[in-house]
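Please walk through the structure shown below, one region at a time. The paragraphs that follow begin with one residue and its contacts.

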Amino acid sequence: MSHLLKAGVAKFYLKTMGCQMNEHDSEVMVGILRNLGYERTDEVEEADLILYNTCCVRENPERKVYGHIGAFKALKEKNPNLVIGICGCMPQQSDEREQIINKLPHVDLIFGTHNIHRLPELLERAVSGERVIEVWDESTGIVEDLPVQRSNNLKAFVNIIYGCTNFCSYCIVPYTRGRERSRLPEHIISEVSALASEGFKEVTLLGQNVNAYGKDLETAFDFSDLLMRLNEIEGIQRIRFTTSHPRDMKDKLITTMAEYSKVCEHLHLPVQSGSNDVLRRMNRGYTRKYYLDLVDKVKKAIPDISLTTDLIVGFPGESDQDFEDTLRLVEEVGFSSAFTFIYSPRKGTPAAKMPNQIPEEVKKERIYRLIEVQNRISADIMKKYVGKEVEIFVDSTQPESDLVSGRTRTNIQVSFSGNPQLVGQFVTVKVTEAQTWSLKGKLLS
Ligand code: SAH
Ligand code: SF4
Ligand code: F3S
């Protein structure tokens, strides 16, 4: 490859936007690029390859991509060998792809979410001067055994199910990631076993809806069965997962979470809205009461549970009353934290064509109110930790201080003064101080 013929080593700059699926895809791309002899750089100026792994779930991040990539035109003029690539979810949408092709003529390489394993060939063609555009509409199956360069050597993301077939009326993901495809249990189990033998202690199982795991497999093997098997793997001490769809959250999973020791007491359970009418038009497949009953069951079975959620304000037709219903639900559940979003119309989704789109000022006013309420609740929940002893998996040091930090099983960050050599270990910490989303503590063991 001509990049590699230059003096020194070829360098790539990779920017990742969006969810953990994208983060994990980026880890695969880093693995592939390393195998090709590329080295990573954080400086766009010195890169031979600039790659943006994009998200299109909302409009704002999408805008940013056009801004950033537009600005790279000058770099390309200085260095004609520079390859600029866009991949991920944006190119999966045909309208967006056309825009990239037409508005960003200096982009040399465009591919999608289904053909990441083709990167070596696509890149080679781009490096030799061709403008390469290859996006697949559907996956042709799951490609196993791609190289992965994980961004961390203690905690790993592991995909268990790809795609989403829920078609929530506001969401673009089913169009960019294709239908649900579960990985075979043996592939997941052997990946996690290999991670354990490399020294990883924590895994986060990934999917847009992990609770649907196994539905498409030929043998009866569901998400709970998977958790039970992974719980046996020696060396792995914590198992997390995201995201769970409330509709598919079965009692069996609640029991499994309660009974299997490595499965952490944290559940990310996006509710989106507290109004029955909005939930129905979102096509979420559950009611407010169903969700609250589910939360009750989870709290009873797992008393230490920390619940987190995603919320959308300003969905088409959302009335003041609907919004108040969301606020009330938030109060009733008591989420440790919430990702709050302003509804963003996505072309090609049913909600974008619904009447009564909400004016921007109303959406903003609602999100501010929601954030205010949620912050107060988060702060209250954090205060309850003060004085408690918690198990922390130490995962990082804090620059320019004697502090190290890690997370509780409930996924709350705690920092405390300690030796950097504690990174990678499980310690007991007494919580001394609460902040809005994190805690401070004192090392006990
Ligand atoms: N599969 C996950 C969520 C994936 S997208 C789930 O269903 O739980 C992450 C979050 O982005 C969603 O939960 C939703 O809150 C938000 N989101 C998705 N589409 C959106 C849109 N068009 N406008 C605003 N927020 C959106
Ligand atoms: Fe989007 Fe709904 Fe699928 Fe989540 S479950 S990715 S919100 S369609
Ligand atoms: Fe975004 Fe694609 Fe994830 S649209 S949220 S990066 S699946």
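Leaving aside its neighbours within four places in sequence, Leu205 is in contact with Val158, Ile160, Val210, Phe223, Leu227, Leu230, Ile239, Arg240, Phe241 and Thr242; contact means heavy atoms within 4.5 Å. This is a predicted model, in which local features need pLDDT of at least 70 and side-chain atom pairs count only at pLDDT 80 or more, while totals for chains, interfaces and linings use all residues. Residues are numbered from 1 along each chain as its sequence is written, chains are lettered from A and ligands numbered from 1 in the order in which they are written, and side-chain values use heavy atoms, with hydrogens and water left out.

Leu205 and Phe223 have the most contacts inside the largest nonpolar core, which has 70 residues. A nonpolar core is a set of buried Ala, Val, Leu, Ile, Met, Phe, Trp, Tyr and Cys residues joined through side-chain atoms within 4.5 Å. Buried means under 20% relative accessible area, exposed over 50%, and partly exposed in between, with a 1.4 Å probe and protein chains only. Helix H14 (residues 360–385) gives the most to this core, with 7 residues. Helices (H or I, at least four residues) and strands (E, at least two) are DSSP runs, numbered from the N terminus. A second, separate core of 25 residues includes Met17, Ala47, Ile69 and Leu104. In soluble globular proteins, nonpolar side chains tend to be buried together.

One of the contacts of Leu205 is Leu227, which lies in helix H9 (residues 223–231). Leu227 has a relative accessible area of 0% and is therefore buried. Apart from neighbours within four places in sequence, Leu227 touches Leu205, Ile239, Phe241, Leu253, Thr256 and Val263. Its C-alpha atom is separated by 8.4 Å from that of Met257, 30 residues apart along the chain.

Strand S10 (residues 202–206) is joined to strand S7 by 5 bridges, and the two run parallel; strands pair if DSSP finds at least two bridges between them. Lys155 is opposite Glu202 in S10. In S7 (residues 155–159), 4 of the 5 residues are buried, so this strand is largely enclosed by the rest of the structure.

How is the chain divided into domains? There are four: domain 1 (3–134), domain 2 (152–264), domain 3 (298–383) and domain 4 (389–443), with bounds that come from an automatic or database domain assignment. The C-alpha centres of domain 1 and domain 3 are 34 Å apart, and 7 residues of domain 1 are in contact with 5 residues of domain 3.

An open sheet of 6 strands, paired in parallel, has the order S2-S1-S3-S4-S5-S6. Strand S2 (39–40) and strand S6 (132–134) are at its edges with a single partner strand each, so one side of each is left without a neighbour in the sheet. Within the sheet, 6 bridges join strand S3 (residues 49–54) to strand S4 (residues 83–88), and Leu49 has Val83 as its bridge partner in S4.

The ligands come next. Around ligand 3 are Gly18, Cys19, Asn22, Cys55, Cys56, Val57, Cys89, Val173, Arg177 and Gln208, where a residue counts as near if one of its heavy atoms lies within 4 Å. This shell draws at least three residues from each of domain 1 and domain 2. It divides into 6 nonpolar, 3 polar and 1 charged; Ala, Val, Leu, Ile, Met, Phe, Trp, Tyr, Cys and Pro count as nonpolar, Asp, Glu, Lys and Arg as charged, and the others, Gly among them, as polar. The residues around ligand 2 include Cys164, Cys168, Cys171, Val173, Gln208, His245 and Arg284, and that shell holds 7 nonpolar, 3 polar and 1 charged.

Some loops have backbone features to point out. A cis peptide bond, with omega about 5°, joins Thr242 and Thr243; Thr243 is in the loop between strand S11 (238–242) and helix H10 (251–259). Gln272 is a residue other than glycine with a positive phi, near 75°, and at 7% relative accessibility it counts as buried.
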